[in-house]
Amino acid sequence: MKNEEPKNEERRKHLRIKKNFIMSYYLEGEPSVRYKVTQLKNISKGGMCFITAQQYPKATRMIIELRTPYLVDITRIEGAVLESHEKLSEIIYETRIQFESLTPQAEFLISKLEELFKKGIQGSHE
């Protein structure tokens, strides 16, 4: 009898890293209006998901400014909204963006996060 493993394939192209970092964002063309975000849900080389105080239409272009303990400077990442849906009526929205082209600094940062995340998973006893 053939021993088959259950298929539990990940549909995503990139590893999602669940970490909280200090971040802010602004809409492309409106750099003087900054929005602070307290909760980054996850990030990958393909995009990120975070909490916003308002809903954004699909394809809205955003610039994310991310602070982490791994780089001294702020890392800027550009992307477009894939989806922004209400989590708590008129107060909290979960917004997903897709990155367009990552800078070398952003590539380095996300690669470093992936490396640390994988080590954390392997070292976990949960």
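Biologist: Let's start with the strands of this predicted model. How many bridges pair β3 with β4, and in which sense?

Modeller: Strand β3 (residues 40-43) and strand β4 (residues 47-52) are antiparallel partners, held by three bridges. Leu40 sits opposite Phe50 of β4, and a hairpin of three residues connects β3 to β4.

Biologist: Which strands does β6 pair with?

Modeller: Strand β6 (residues 75-88) pairs with β5 (residues 61-67) in the antiparallel sense over six bridges, with Arg76 as the bridge partner of Glu65. Eight bridges also join β6 to β7 (residues 92-99), again antiparallel; there, His85 has Glu94 as its partner. In the hairpin of β6 and β7, Glu90 takes a positive phi near 60 degrees.

Biologist: Now the rings, please. What describes a pair of aromatic rings?

Modeller: Two quantities do: the distance of the centres and the angle of the planes. This structure holds three aromatic pairs. For Tyr25 and Tyr35, the centres are 5.0 Å apart and the planes lie at 20 degrees, so this pair is stacked. Tyr25 belongs to strand β1 and Tyr35 to strand β2, so the pair ties together parts ten residues apart in sequence.

Biologist: Is Tyr25 buried or exposed?

Modeller: Tyr25 is buried, at 2% relative accessible area, whereas Tyr35 is partly exposed at 22%. Tyr25 also pairs with Phe50, in a tilted arrangement with 5.5 Å centre to centre and 55 degrees between the planes. That pair links strand β1 to strand β4, 25 residues apart. Phe50 is buried, with 0% relative accessibility.

Biologist: Which residues make up the cluster linked by ring pairs?

Modeller: Tyr25, Tyr35, Phe50 and Tyr56.

Definitions and conventions: Residues are numbered from 1 along each chain as its sequence is written. This is a predicted model: local features need pLDDT of at least 70, side-chain atom pairs count only at pLDDT 80 or more; totals for chains, interfaces and linings use all residues. Side-chain values use heavy atoms; hydrogens and water are left out. Two strands pair if DSSP finds at least two bridges between them. Helices (H or I, at least four residues) and strands (E, at least two) are DSSP runs, numbered from the N terminus. Rings of Phe, Tyr and Trp (its six-membered ring) pair if their centres lie within 6.5 Å; planes under 30 degrees apart count as stacked, over 60 as edge-to-face and the rest as tilted. Buried means under 20% relative accessible area, exposed over 50%, partly exposed in between (1.4 Å probe, protein chains only).
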